[in-house]
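Biologist: Here is the next one. Walk me through it, please.

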Amino acid sequence: MWFIIQFLCHEWYTVFGKGIMGSLEGKIEFFSGTIKWLEIDGRYIPDVYHTVLHILILTVAITSVIYIMKSKKEI
């Protein structure tokens with residue numbers, strides 16, 4: 001459930017440029033005061049916070065798949 005919520009609220013914007021929580025322009029404006037790696041007008045590029053968040057989400061997804069695969073082998 002956590003992964004689905006995080007994906008819809010954060011990753012969806014990065015992949016598709018829009019999301020369930022508002023417009024891309026709104027997200028760019030909301031996070032305008034954050035520390036950025038790179039800034040391009042009209043394009044959402046994840047800031048430092050979102051980069052760390054993306055890494056954590058991917059880590060959880062990968063470790064979950066590994067855990068599920070190992071637990072199926074033991075059964």
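Biologist: Is tyrosine 49 buried or exposed?
Modeller: Tyrosine 49 counts as exposed because its relative accessibility is 51%. Buried means under 20% relative accessible area, exposed over 50%, partly exposed in between (1.4 Å probe, protein chains only). Keep in mind that this is a predicted model: local features need pLDDT of at least 70, side-chain atom pairs count only at pLDDT 80 or more, and totals for chains, interfaces and linings use all residues. Residues are numbered from 1 along each chain as its sequence is written, and side-chain values use heavy atoms, with hydrogens and water left out.

Biologist: Where is tyrosine 49?
Modeller: Tyrosine 49 lies in helix H3. Helices are DSSP runs of H or I, at least four residues; strands are runs of E, at least two; both are numbered from the N terminus. The C-alpha of tyrosine 49 is 7.9 Å from that of isoleucine 35, and the two residues are 14 apart along the chain.

Biologist: How many residues does H3 have?
Modeller: H3 has 27 residues. From its first C-alpha to its last, H3 reaches 39 Å.

Biologist: And which residues of H3 are buried?
Modeller: They are His50, Leu53, His54 and Ile57.

Biologist: Back up a bit. How many helices and strands does the chain have?
Modeller: There are three helices and zero strands. Along the sequence, the pattern reads α-α-α.

Biologist: What share of the chain is buried?
Modeller: Buried residues make up 20% of the 75 residues. The chain's accessible surface comes to about 6000 Å². Carbon and sulfur atoms hold 70% of that surface. Such areas come from the Shrake-Rupley method with a 1.4 Å probe; for residues, only the protein chains shown count as cover.

Biologist: New topic. Where is aspartate 47?
Modeller: Aspartate 47 sits in the loop between helix H2 (24-30) and H3.

Biologist: Why does aspartate 47 count as buried?
Modeller: Because its relative accessible area is 4%, aspartate 47 is buried.

Biologist: What does aspartate 47 touch?
Modeller: Leaving out residues up to four places away in sequence, aspartate 47 touches Phe31, Thr34, Ile35, Lys36 and Trp37. Touching is contact, meaning heavy atoms within 4.5 Å. The side chain of aspartate 47 also makes a polar contact of 2.8 Å with the side chain of histidine 50. A polar contact is a pair of N or O atoms within 3.5 Å; within protein, one must be able to donate a hydrogen and the other to accept it, and residues adjacent in sequence count only if both atoms are side-chain atoms.

Biologist: What about H2? Where do isoleucine 28 and leucine 24 stand?
Modeller: Isoleucine 28 is in helix H2. Its relative accessibility is 29%, so isoleucine 28 counts as partly exposed. Leucine 24 is in helix H2 too. At 15%, leucine 24 counts as buried.

Biologist: Which residues does isoleucine 28 touch?
Modeller: Isoleucine 28 touches Gly42, Arg43 and Tyr44, again not counting residues up to four places away in sequence. As for leucine 24, its C-alpha is 8.4 Å from that of glycine 42, 18 residues apart in sequence.

Biologist: Last one. Which residues form the nonpolar patch on the surface?
Modeller: Trp2, Phe3, Ile4 and Val60 do, with about 360 Å² of accessible area together. Patch residues have over 30% relative accessible area and no salt bridge; like charges are joined within 9 Å, nonpolar side chains (Val, Leu, Ile, Met, Phe, Trp, Tyr) within 5 Å. A salt bridge is a Lys or Arg side-chain nitrogen within 4 Å of an Asp or Glu carboxyl oxygen.

Biologist: Which helix gives the most to the nonpolar patch?
Modeller: Helix H1 (residues 2-16) does, with three residues. Valine 60 is found in helix H3 (residues 48-74). Valine 60 counts as partly exposed because its relative accessibility is 34%.

Note on methods. The expected span of a helix is 1.5 Å times one less than its number of residues.
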